[in-house]
Amino acid sequence: MITVRVRFFAGHRDIVGRAEIDIMQEEGATVGSLWEQLTAEHPRLAGYTGRLLYAVNQEFATPATELRDGDEVAFIPPVSGGRGAAGGQEP
Amino acid sequence: MSQFQPFLITEAPLDPAPLVAFVQTPSDGAVVTFAGVARNHFGGRATAYLSYEAYAEMAGPVLQQIAEEARARWPIGKVAVHHRVGRLEIGETAVLVVVAAPHRQEAFQAAAYIMDRIKEIAPIWKREHWADGEAEWRE
C-alpha cells in the first residue's frame with residue numbers, strides 16, 4: 001500500500017469538508033482511480049467529473065498518472081469563473 | 001527588501017508600477033498592462049465583494065508556464081503576472097498581466113492570451129459574495 005496526500009480547493013473543499021486528507025491506496029493506483037473512489041465516498045464530487053484538472057506534486061497530470069508513495073494529489077475544480085477546463089493543458 | 005518576483009500570488013494589494021519597471025527594456029516599444037478588477041455585478045446580480053483562493057505552491061509556477069506559452073507564440077520580451085488572493089472589495093485589482101514587446105500588436109495579443117489561459121488552467125478560484133448575503137464559487 002502507498003499513502004498519498006489529497007488537496008481539496010473551493011467547491012471540492014466545501015463538499016469534502018476538509019482541505020486535505022491522507023489516504024491509502026493500492027500499488028498501481030492512478031489519479032483516475034483515486035478520483036473514482038472519492039466520488040463514491042462523496043457523491044456530490046461526481047458532478048465535477050470531466051471538467052476538472054489534475055495535478056501530482058504541483059504539476060499537471062492526467063487520470064492515467066500512476067501514484068507513488070508520498071505524492072501530493074490535487075483535484076482542481078474549474079477555475080476563476082473562466083471558460084472551463086475542457087481545454088486541458090494545451091489550448 | 002525581497003527581490004521582485006515576476007510571477008506572484010499575494011494577499012497584498014496589487015500595484016502595476018513595479019511590474020512595468022521589471023518588464024521594460026530599451027528594445028521594447030510597447031508595454032501592455034491588463035488589470036482584472038473586482039466588479040459590483042455578475043449576470044444582473046449585485047456583488048458585495050469577492051474572495052480568491054489559490055493552490056499557491058502550484059499557481060505561481062503555472063503563471064510562469066503560461067508566460068512561456070505566450071513567448072513561444074509571439075516575439076515578446078519580459079512578462080510579469082501578479083494575482084491577489086483573499087478578500088477583495090469592489091474596485092480592487094485581482095490580477096495584473098504586464099507584457100513588454102518590441103511592437104504593440106504582439107504585446108496586446110500575448111496579454112490577452114495569458115489572461116485567457118489564467119482563466120483556463122491557473123489553480124485560482126473566485127468566490128462571489130452576493131449583496132443578498134449568499135455566496136458561491138464561480139466555476
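Analyst: The classes are set by the number of other C-beta atoms, placed from the backbone, within 10 Å of a residue's own: buried at 20 or more, exposed at 12 or fewer, and partly exposed in between. This is a predicted model, in which local features need pLDDT of at least 70 and side-chain atom pairs count only at pLDDT 80 or more, while totals for chains, interfaces and linings use all residues. Residues are numbered from 1 along each chain as its sequence is written, and chains are lettered from A and ligands numbered from 1 in the order in which they are written.

A:E59 belongs to strand β4 of chain A, residues 59-61. Helices (H or I, at least four residues) and strands (E, at least two) are DSSP runs numbered from the N terminus. Between A:E59 and A:V73 there are 9.3 Å from C-alpha to C-alpha, at a sequence separation of 14 residues. In the loop between β3 and β4 of chain A lies A:Q58. A:Q58 is not a glycine, yet its phi is positive, at about 65 degrees. A:Q58 is partly exposed, because 18 C-beta neighbours fall inside 10 Å. A positive phi, near 50 degrees, is also found at A:A10, again a residue other than glycine. A:A10 sits in helix α1 of chain A, and it counts as buried because it has 24 C-beta neighbours inside 10 Å.

Chain A as a whole contains two helices and five strands, in the order β-α-β-α-β-β-β from the N terminus. Of its 91 residues, 35% count as buried. Two residues are in contact if their C-beta atoms, placed from the backbone, lie within 7 Å. Among the contacts in chain A with a separation of 6 or more, 57% join residues 24 or more positions apart.

The average for chain A is 89, and 87% of the residues score at least 70. Residues 83-91 of chain A stay under 50, and the model has 13 contacts beyond four places in sequence for them.

Chain A also meets chain B: the contact takes 19 residues from chain A and 17 residues from chain B. On the side of chain A, the elements giving two or more residues are α1, β3 (53-56) and β5 (72-76). The residues on that side divide into ten nonpolar, seven polar and two charged. Here Ala, Val, Leu, Ile, Met, Phe, Trp, Tyr, Cys and Pro count as nonpolar, Asp, Glu, Lys and Arg as charged, and the others, Gly among them, as polar.

Chain B has three helices and nine strands, arranged along the sequence as β-α-β-β-β-α-β-β-β-α-β-β. Of its 139 residues, 38% count as buried. Residues 24 or more positions apart make up 75% of the contacts in chain B with a separation of 6 or more.

The largest nonpolar core has 64 residues, and B:A59, B:V79, B:V99, B:A107, B:A110, B:I114 and B:A122 have the most contacts inside it. Strand β7 of chain B, residues 93-101, supplies the largest share of this core, eight residues. Such a core is a set of buried Ala, Val, Leu, Ile, Met, Phe, Trp, Tyr and Cys residues joined through C-beta atoms within 7 Å. In soluble globular proteins, nonpolar side chains tend to be buried together.

Beyond its neighbours within four places in sequence, B:A110 is in contact with B:A70, B:W74, B:I76, B:V99 and B:A101. The buried residues of α2 of chain B include B:A59, B:L63, B:A67 and B:A70. B:V81, in strand β5 of chain B (residues 79-84), counts as buried because it has 27 C-beta neighbours inside 10 Å. Leaving out residues up to four places away in sequence, B:V81 touches B:F7, B:L63, B:A67, B:L96, B:V97 and B:I114. B:V81 and B:L8 are 73 residues apart in sequence, with 6.6 Å between their C-alpha atoms.

Methods:
pLDDT = per-residue confidence, 0-100.
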